[in-house]
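Biologist: Hi! Could you walk me through this one?

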Amino acid sequence: MQFGQPDNALQFDEAWCTRAPRLHDPLTHAMASESCQQFVAGLAHAGGIAAAVRRTLVEQMPWRFPSIESMARTLALEPRTLRRRLATHGTTYRSILNEVRLRLAIEYLRKTRMTTEEIAERLGYSEAANFRHAFVRWTGTSPHAYRLTCAPC
């Protein structure tokens, strides 16, 4: 680093610029993976179609949750049949998806140092602001405030 220069510049060796980027931190990935495994283990005791949807959502994650049509194919059902069976249990695909996102968000906030942006991306939100609004709607508090109150958790 040289101070007092006429220009601000970063110079990189060309070979460094052409190498494949590291997309994710291995430590964060390991911690998130462990949280997901614990989450799935907790779901293993539940039964029924709603539990099957929850398990499949977590197992098919990361970052992109399937549409209801894709979920129905995975479960060897027609989308209409899946909607009807979920309605019989008093729920919808969207509400189960939101529940899974909330539970995973809480796990990430409690057990990792992932940023809100990283959590939002992991949960399939296009922008962190959308995740923050959803989290406030679900819990009445922001992800940051939740993390602060749960620090000793």
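Modeller: Happy to! This is a predicted model, where local features need pLDDT of at least 70, side-chain atom pairs count only at pLDDT 80 or more, and totals for chains, interfaces and linings use all residues. Residues are numbered from 1 along each chain as its sequence is written, and side-chain values use heavy atoms, with hydrogens and water left out.

Biologist: Which residues of H8 are buried?

Modeller: Ala 128, Phe 131, Ala 134 and Phe 135. Buried means under 20% relative accessible area and exposed over 50%, with partly exposed in between (1.4 Å probe, protein chains only). Helices are DSSP runs of H or I with at least four residues, numbered from the N terminus.

Biologist: And which residues are exposed on the other side of H8?

Modeller: That would be His 133 and Arg 137.

Biologist: What covers the buried residues of H8?

Modeller: The cover includes helix H6 (93-111), helix H7 (116-122) and helix H9 (143-149).

Biologist: Nice. What comes just after H8?

Modeller: Gly 140, with a positive phi of about 85°.

Biologist: Switching topic: which residues touch the most other members of the largest nonpolar core?

Modeller: Leu 57 and Leu 82, out of 33 residues. Such a core is a set of buried Ala, Val, Leu, Ile, Met, Phe, Trp, Tyr and Cys residues joined through side-chain atoms within 4.5 Å.

Biologist: Which helix gives the most to this core?

Modeller: H6, with 10 residues.

Biologist: What is Leu 57 in contact with, beyond its neighbours within four places in sequence?

Modeller: Taking contact as heavy atoms within 4.5 Å, Leu 57 has partners including Phe 65, Met 71, Tyr 93 and Val 100.

Terms used
Helices (H or I, at least four residues) and strands (E, at least two) are DSSP runs, numbered from the N terminus.
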